[in-house]
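Colleague: I'm new to looking at how parts of a chain touch. Can you walk me through this one?

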Amino acid sequence: MATAQRILTDEMIKAIKAYFPRYPTRQAVTLPALHIVNDRLRYVPLQAVVEIAELLELHPAEVQDTLSFYGFFKQDKPHGNTRAWVCRSIACALRGGEETLEYLCDKAGVEPGQTSADGRLTLEFAECLGACDFAPCMLAGKTLHKDLTREKCDDFLRSLE
Amino acid sequence: MVCFAHPTNCGGVFHTPYEERRNDRVAKFDPVLLANIDVPGSYTRDVYELRGGYRALRKAIGPMQPTDVTEVVKSSGLRGRGGAGFPTGLKWTFLPKGHPGPIYMCINADESEPGTFNNRILMELDPHQVIEGVILSCYATRAATAYIYLRYEYPLSYERLQLAIDECYASGYLGKNILGTDFSLDIYLHRGAAAYICGEETGLIESLEGKRAWPRIKPPFPAVEGVFRKPTVVNNIETACCVTHIIDRGADWFKSMGVPADPNNPRDAGSYGPKLYCLSGHVNRPGCYEAPLGITLRQLVDEYGGGVWKGRRAKAAIPGGISMGLFTEAEFDTPLDFNGPGRVGCLGLGTAAVVVLDETVSMVDFLHNSCRFFAHESCGQCTPCREGTAWSLRMLDRIKAGKGRLKDIDLLLEIGDSIGIIPGTTICGLADGAAWPIKNAIRKFRGEFEEYIRATNPSGYAVTDAVPALPVLAHH
């Protein structure tokens with residue numbers, strides 16, 4: 001690993017270190033650190049895990065253990081420009097959530113979890129997004145798309161950058 | 001009447017006729033927790049203070065001793081709103097007396113139970129109410145640090161809570177020497193990473209420490225040894241909000257709402273106060289509604305939700321998040337308080353999130369959705385849960401693929417009866433949540449499952465030989 005190109009920038013390291021005073025242990029900064037890297041790189045490659053571990057005075061395996069528990073962080077390649085989660089849990093499923101997910105997947109030409117060929121969209125299923133009053137719903141980046149219809153799905157796909 | 005779900009709570013038997021206690025206390029009601037949400041700018045400190053915010057804080061911090069605050073909360077009968085319904089004040093008293101500290105407060109905002117979104121409404125539209133409740137709870141428990149464990153899927157809640165916290169630091173409600181007293185408090189937001197199990201209190205603690213969210217064996221309970229091996233209280237967002245109003249208006253006011261405890265049953269802690277009910281699924285007006293504990297599911301659906309959509313009839317409903325099981329339409333008159341759902345074989349009130357299923361819904365589809373959720377969210381620590389949830393999903397997959405056998409129904413029930421903390425085979429209650437939809441769906445709709453299996457697998461429904469496993473379908 002000594003020869004590997006370093007991934008964490010000074011800005012990321014500074015952002016991670018800013019979390020240190022919040023917790024009595026360094027290990028507690030694991031999730032914030034993973035989010036900081038993921039927000040910027042859209043994934044957390046193994047080399048980043050090694051560098052986070054170094055900062056947090058942990059073994060890389062400890063960081064990797066935590067990371068791999070949460071299905072949230074990708075490690076093979078960055079997600080698309082927009083990462084969208086379509087809810088498939090019961091309240092959304094009752095109002096067409098699964099059909100919405102299928103429709104979006106068909107239109108974008110992907111399976112849940114995959115990124116479209118143009119790299120604009122990573123589409124995933126979600127378990128309950130906690131917006132059952134707006135079922136079926138989708139969280140795209142920081143935007144909650146409510147009461148989805150086919151038209152709204154089309155608009156969403158057209159709006160992607 | 002025998003209570004199946006709360007044998008430890010009500011002693012297994014209801015002594016006093018229920019309707020006599022519930023009476024008409026539920027009829028007229030002004031919102032408490034949701035009083036501000038329609039006001040423009042409700043998430044800002046200015047609006048919150050104009051509407052009476054931080055009055056409770058000034059009333060408590062300084063003039064009242066921490067133990068006084070705990071006493072008021074204890075005498076209000078407030079029970080935790082996160083799902084288990086444990087008396088909040090009592091939980092606080094489990095902290096070791098005279099502990100040198102630090103004591104930690106963890107606020108559980110990892111709301112992930114399917115159907116539940118009341119905490120999201122509070123955090124997005126009235127975050128200062130949340131923060132005030134957290135400050136008061138920390139004052140009562142002498143906690144100097146509070147972590148709000150917020151699920152990742154709530155970006156707006158994150159923004160608004162952070163804004164509220166920043167405003168509080170700026171106005172001296174947080175930080176060192178709050179309101180000139182020797183009470184100091186820091187509140188930090190900690191974001192999760194999309195894992196349902198982080199809503200389990202010890203799973204949350206493990207996750208906060210930077211580890212995989214594997215629930216801990218209790219004891220030691222968090223009050224004795226929690227996060228960073230220090231005494232810890234874990235409270236829900238809505239619970240914290242209730243604390244604000246209890247301090248502001250008093251324990252008697254809080255006790256004037258809801259269903260009083262059964263005087264003949266010393267183990268019944270009652271169901272006091274307002275509650276946020278989440279209503280979704282096949283209703284005309286889904287939403288978060290506030291009512292005193294004890295309205296019936298039918299009242300909620302008809303009076304608040306505008307009835308079942310498309311002029312259809314309801315077939316069933318989830319009473320408090322999917323983990324709690326199912327009401328049949330005939331059971332809709334059951335009150336949604338801490339004891340009600342247990343009377344019809346459900347696990348409990350849970351998060352009071354009601355999801356209505358209309359007459360067109362196949363219970364096989366419902367159960368498949370439920371089993372898929374729990375198979376996906378089981379943390380994998382306890383074998384009965386990890387294997388039981390995955391096995392039940394594989395069976396439902398097979399039934400839906402037209403290869404079901406009548407024998408599968410009993411096998412599903414057997415799994416349902418053997419996973420969880422109630423049969424005593426797992427560390428946390430996730431598996432009980434997985435088991436209850438299975439048990440309720442099959443016991444209450446068995447005919448439909450039999451009919452489905454006979455119709456979709458006419459040549460094989462009666463076969464009882466072992467079947468070769470289907471290829472495992474990718475659900476991830």
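Colleague: How many salt bridges are there between domain 2 of chain B and domain 3 of chain B?

Modeller: First, a heads-up: this is a predicted model, where local features need pLDDT of at least 70, side-chain atom pairs count only at pLDDT 80 or more, and totals for chains, interfaces and linings use all residues. Residues are numbered from 1 along each chain as its sequence is written, chains are lettered from A and ligands numbered from 1 in the order in which they are written, and side-chain values use heavy atoms, leaving out hydrogens and water. A salt bridge puts a side-chain nitrogen of Lys or Arg within 4 Å of a carboxyl oxygen of Asp or Glu. Between domain 2 of chain B and domain 3 of chain B, the count is two.

Colleague: Which side chain meets Glu331(B) in a salt bridge?

Modeller: The N to O distance in this pair is 2.9 Å. The partner of Glu331(B) is Lys444(B).

Colleague: Which element gives the most to the side of domain 2 of chain B that touches domain 3 of chain B?

Modeller: Strands here are DSSP runs (E, at least two residues), numbered from the N terminus. Those giving two or more residues to this side are β10(B) (327–328) and β9(B) (314–318). With three residues, the top contributor is β9(B).

Colleague: How much area do domain 2 of chain B and domain 3 of chain B bury between them?

Modeller: Buried area is the accessible area (1.4 Å probe) that two parts lose on being put together, summed over both. Here 72% of it is on carbon and sulfur atoms. For domain 2 of chain B and domain 3 of chain B, the value is about 1,200 Å².

Notes:
Helix = DSSP H or I, 4+ residues; strand = E, 2+ residues; numbered from the N terminus.
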